[in-house]
Amino acid sequence: MSPPPPSFELLPGADDSPVILHVPHSAREIPDAVREGIVLDGAALERELDHITDAHTAELAEAAAGLAAVTPWRFVNRLSRLVVDPERFPDEREEMLTVGMGAVYTRTTHRTELRPGDTDPEPLIERYFRPYARAMTEAVAGRLAATGRAVVIDVHSYPREGLPYELHGAGPRPPVCVGTDAFHTPPELAELAGKLFARCGETGLNSPFSGAYVPLEFYGRDRRVGALMVEIRRDTYMTEPGGAVVGPGLSRLASALAGLVDGASR
């Protein structure tokens, strides 16, 4: 029997690149043992994956890496966020727990049952969340050791129309949303992102999603670790909800993301 596919992958870039393109939500794969704990039938699960998956963001990061003057590193989640969401806090600090979407989801994007409410999240956190977090921490530490700094650029997408699970979905939903962190996002990096992605349509700041991912070992402690989130509205490059058809917008987005990588590499 062949071994199971890896749950995440670090794809090497240039030795002198400080940039890690982080793609946490692009996959649909759910291991059989995890699928057993999800109450949705097959058709309902496919619909949920259409809504929750940031389709084609791994391809976007790959294309941008190929265009960049200095090849960035890429850290890609190979499992669906319905297994665990590696960007959530694994404890009571996570505000999405209020809608059943902490590190281990118990509710769907439409707030219906995904797993029983009394599901113990610890086995999934131990099996999937903690190894992912350790590997991302090591990836950032590797860039710090090699270049003296690290820049994590999170690559996400979101739907044109807000979904019921969103806690802050009432604000603007521009073609590209730039998410920032007060401690880890240099203002000039956010400004550059806004300029570069303007060619793909209007850009906005921290709406409908805000913040940027940094491994907890460095979060709020080490200013050598920069971070920025890029949230792309899905109708700019694909058919919604599932992304069965990809449009020419993906190549424009890849070019803009490559420019951001190059700017962050300097």
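**Note on pockets, burial and backbone details**

1. The largest pocket has a volume of about 1,000 Å³. Its lining holds 45 residues, and Glu-87, Arg-88, Phe-89, Glu-94 and Ser-210 are the closest to its centre. A pocket here is an open set of points on a 1 Å grid over the protein atoms alone, with protein on both sides within 12 Å along at least five of seven lines; a 1.4 Å probe that fits but cannot get out marks a cavity instead, and lining residues have an atom within 4 Å of a point. Grid points are joined across faces, edges and corners, and a volume is the space filled by probe spheres set on the points.

2. Two caveats on the source. This is a predicted model: local features need pLDDT of at least 70, side-chain atom pairs count only at pLDDT 80 or more, and totals for chains, interfaces and linings use all residues. Residues are numbered from 1 along each chain as its sequence is written, and side-chain values use heavy atoms, with hydrogens and water left out.

3. Which elements each supply at least two residues of the lining of the largest pocket? They are helix H2 (42–52), helix H4 (122–147), strand S4 (150–158) and strand S7 (225–233). H4 gives the largest share, five residues. Helices (H or I, at least four residues) and strands (E, at least two) are DSSP runs, numbered from the N terminus. By class, this lining divides into 21 nonpolar, nine polar and 15 charged residues. Ala, Val, Leu, Ile, Met, Phe, Trp, Tyr, Cys and Pro count as nonpolar; Asp, Glu, Lys and Arg count as charged; the others, Gly among them, count as polar.

4. The second largest pocket contains about 240 Å³ of space. Of its 17 lining residues, Arg-149, Val-151, Pro-186, Glu-188 and Leu-189 are the closest to its centre. S4, helix H5 (187–197), S7 and helix H6 (249–265) each supply at least two lining residues. H5 gives the largest share, three residues. The classes are eight nonpolar, four polar and five charged.

5. One cavity of 30 Å³ or more is counted. The largest cavity has a volume of about 60 Å³. Ser-7, Phe-8, Asn-77, Leu-79, Ser-80, Val-83, Val-84, Tyr-128 and Tyr-132 line the largest cavity. Six of these residues are nonpolar and three are polar, with no charged residues.

6. H2 has a buried set: Ala-44, Leu-45, Glu-48, Leu-49 and Ile-52. These residues sit on the same side of H2 because they cover an arc of only 140 degrees around the axis. The arc is that of the directions from the helix axis to the C-beta atoms. Buried means under 20% relative accessible area, exposed over 50%, and partly exposed in between (1.4 Å probe, protein chains only). Helix H1 (32–35) is included in what covers the buried residues of H2. Asp-41 caps the N-terminal end of H2, with a side-chain oxygen 3.3 Å from the backbone nitrogen of Ala-43.

7. Is Thr-109 buried or exposed? Thr-109 is buried, at 0% relative accessibility. It lies in the loop between strand S3 (73–77) and H4. Beyond its neighbours within four places in sequence, Thr-109 is in contact (heavy atoms within 4.5 Å) with Glu-48, His-51, Ile-52, Leu-163, Pro-164 and Tyr-165. A polar contact of 3.1 Å joins the side chains of Thr-109 and His-110. Such a contact is a pair of N or O atoms within 3.5 Å; within protein, one must be able to donate a hydrogen and the other to accept it, and residues adjacent in sequence count only if both atoms are side-chain atoms.

8. Trp-73 lies in S3 and is buried at 14% relative accessibility. Leaving out residues up to four places away in sequence, Trp-73 touches several residues, including Leu-10, Pro-12, Ile-20 and Arg-143. The C-alpha atoms of Trp-73 and His-22 are 8.6 Å apart, although 51 residues separate them along the chain.

9. Two cis peptide bonds deserve a look. The bond from Ser-207 to Pro-208 is cis, with omega near 10 degrees. Pro-208 is in the loop between strand S6 (203–205) and S7. The bond from Glu-240 to Pro-241 is also cis, with omega near 5 degrees. Pro-241 is in the loop between S7 and H6.

10. Positive phi values come next. His-56, not a glycine, has phi near 70 degrees. His-56 lies in the loop between H2 and helix H3 (57–67) and is buried at 17% relative accessibility. Arg-111 has a positive phi of about 65 degrees. Arg-111 is in the loop between S3 and H4 and is partly exposed, with a relative accessible area of 39%.
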